[in-house]
Amino acid sequence: MAFFDTLGKTISEKGKEATQKAKVLAETMQLKGQISTEENNIQLAYQEIGKLAYDSQLQAEAEAYSEWFDKVREAKKRIRELEEKINEVEGIRICRNCGAKIPRDAAFCNQCGTKSEQSVPEPVEGGESEVSAVRLPEEKKCPACGEPIEEDSRFCTACGAEIAEED
Ligand SMILES: [Zn+2]
Ligand SMILES: [Zn+2]
């Protein structure tokens, strides 16, 4: 019975999806905790910088500050790395133009159409035949290249074409 087979599969896939979501959430929480720690380090360093500035009445040699400047720089770098890790875990990427969260493999931002700077995987050669994956009929497709697109996309993530509003 194809219908019940499909139904069973959908349910088990939903379960898998939920487990995956919980995993992503747990991992994200942990990384965000690490970011908080780094942000605390920055606050502490700022305090020290302030104290030094006060003590020296803003006339200290740059040397006096460098240790704390370094600490701020290092913590900021680690925060960037941790944020990138969160994006990786969540399977997203931040558009460098508009800051929208977009799928990691998107070649174009679905909000502003900016082309991704990361290299897009080349289409597999020779395997071009009939990749007619069964798609839901109501799925939105790019009018230019036919790739499926998300409901709220303003631009195709595959070719960057602007999607006309439909209503
Ligand atoms: Zn964008
Ligand atoms: Zn397209």
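Over residues 127-133 of this predicted model, pLDDT, the predictor's confidence in each residue on a scale from 0 to 100, stays under 50, and the model has zero contacts beyond four places in sequence for these residues, a contact being two residues whose C-beta atoms, placed from the backbone, lie within 7 Å. The mean pLDDT of the protein is 81, and 76% of its residues reach 70 or more. Residues are numbered from 1 along each chain as its sequence is written, while chains are lettered from A and ligands numbered from 1 in the order in which they are written. Because this is a predicted model, local features need pLDDT of at least 70 and side-chain atom pairs count only at pLDDT 80 or more, whereas totals for chains, interfaces and linings use all residues.

**Secondary structure**

- The protein comprises two helices and two strands, which are DSSP runs numbered from the N terminus (helices: H or I, at least four residues; strands: E, at least two), and along the sequence they follow the pattern α-α-β-β.
- Among these elements, strand S2 (residues 101-103) has the highest mean pLDDT, 91, and helix H1 (residues 2-55) the lowest, 84.

- Of the 167 residues, 10% count as buried, that is, with 20 or more other C-beta atoms within 10 Å of their own, where 12 or fewer makes a residue exposed and a count in between partly exposed, the C-beta atoms being placed from the backbone.
- Of the contacts with a separation of 6 or more, 38% are accounted for by residues 24 or more positions apart.

**Two individual positions**

- Leu-82 lies in helix H2 (residues 62-90) and is partly exposed because 19 other C-beta atoms lie within 10 Å.
- Leaving aside residues up to four places away in sequence, Leu-82 touches Leu-31, Gln-34 and Ile-35, and its C-alpha is 7.7 Å from that of Lys-32, a residue 50 positions apart from Leu-82 in sequence.
- Ala-164, in the segment after S2, is exposed because 7 other C-beta atoms lie within 10 Å, and Ala-164 and Ser-153, 11 residues apart in sequence, are separated by 9.8 Å from C-alpha to C-alpha.
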